[in-house]
Amino acid sequence: MKADELRKLSIKDLRKKEEELRRELLRLRFKKKVEGLPNIMAIRNTRKALARVLTVIREKELRGEET
């Protein structure tokens, strides 16, 4: 998702997205160690998506938006 799309979501939805991305990142890292990943870029893309979500959450918190 792009940052513009993320900004339209509520903080509650962003927190859910953060949780999903953290689980996905853990799963990818585990899979990389056990089986190997055909697409190593998946880890990098997931990390970047997580960073985007966290950035938008922080922006909303600084603006004082509620859930």
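1. Helices here are DSSP runs of H or I with at least four residues, numbered from the N terminus. Lysine 2 sits in the segment before helix H1 (3–7).

2. On the basis of the note: this is a predicted model, where local features need pLDDT of at least 70, side-chain atom pairs count only at pLDDT 80 or more, and totals for chains, interfaces and linings use all residues. Residues are numbered from 1 along each chain as its sequence is written, and side-chain values use heavy atoms, with hydrogens and water left out.

3. Lysine 2 is exposed at a relative accessible area of 60% (exposed is over 50%, buried under 20%, partly exposed in between; 1.4 Å probe, protein chains only).

4. How do H2 and H3 pack? Helix H2 (residues 11–34) and helix H3 (residues 41–63) pack at about 160°, axes 9 Å apart. Axes are lines fitted to C-alpha atoms over the stretch in contact, and angles run from 0 to 180 degrees between N-to-C directions. H2 and H3 are therefore roughly antiparallel (over 145 degrees). Their crossing is left-handed, that is, the near helix is turned anticlockwise from the far one by less than a right angle.

5. Contact means heavy atoms within 4.5 Å. Residues of H2 including Leu14, Leu21 and Leu28 meet residues of H3, among them Ile43, Leu50 and Ile57. The contact residues divide into 13 nonpolar, one polar and ten charged (nonpolar: Ala, Val, Leu, Ile, Met, Phe, Trp, Tyr, Cys and Pro; charged: Asp, Glu, Lys and Arg; polar: the others, Gly among them).

6. The whole structure holds eleven salt bridges (a side-chain nitrogen of Lys or Arg within 4 Å of a carboxyl oxygen of Asp or Glu). One of them joins glutamate 61 to arginine 15, with the closest N and O atoms 2.7 Å apart. This pair links distant parts of the chain, H3 and H2, 46 residues apart. Glutamate 61 is partly exposed at 38%, and arginine 15 is partly exposed at 38%.

7. Arginine 7 and aspartate 4 form a salt bridge at 3.4 Å, N to O. Because they are three residues apart in helix H1, about one helical turn separates them. Arginine 7 is partly exposed at 35%; aspartate 4 is exposed at 57%.

8. Glutamate 65 bridges to lysine 60 at 3.2 Å between the closest N and O atoms. Glutamate 65 is partly exposed at 32%, whereas lysine 60 is buried at 5%. A network of salt bridges links Asp4, Arg7, Glu59, Lys60, Arg63 and Glu65.

Technical notes
Helix = DSSP H or I, 4+ residues; strand = E, 2+ residues; numbered from the N terminus. Parallel < 35°, antiparallel > 145°, perpendicular 65-115°, else oblique.
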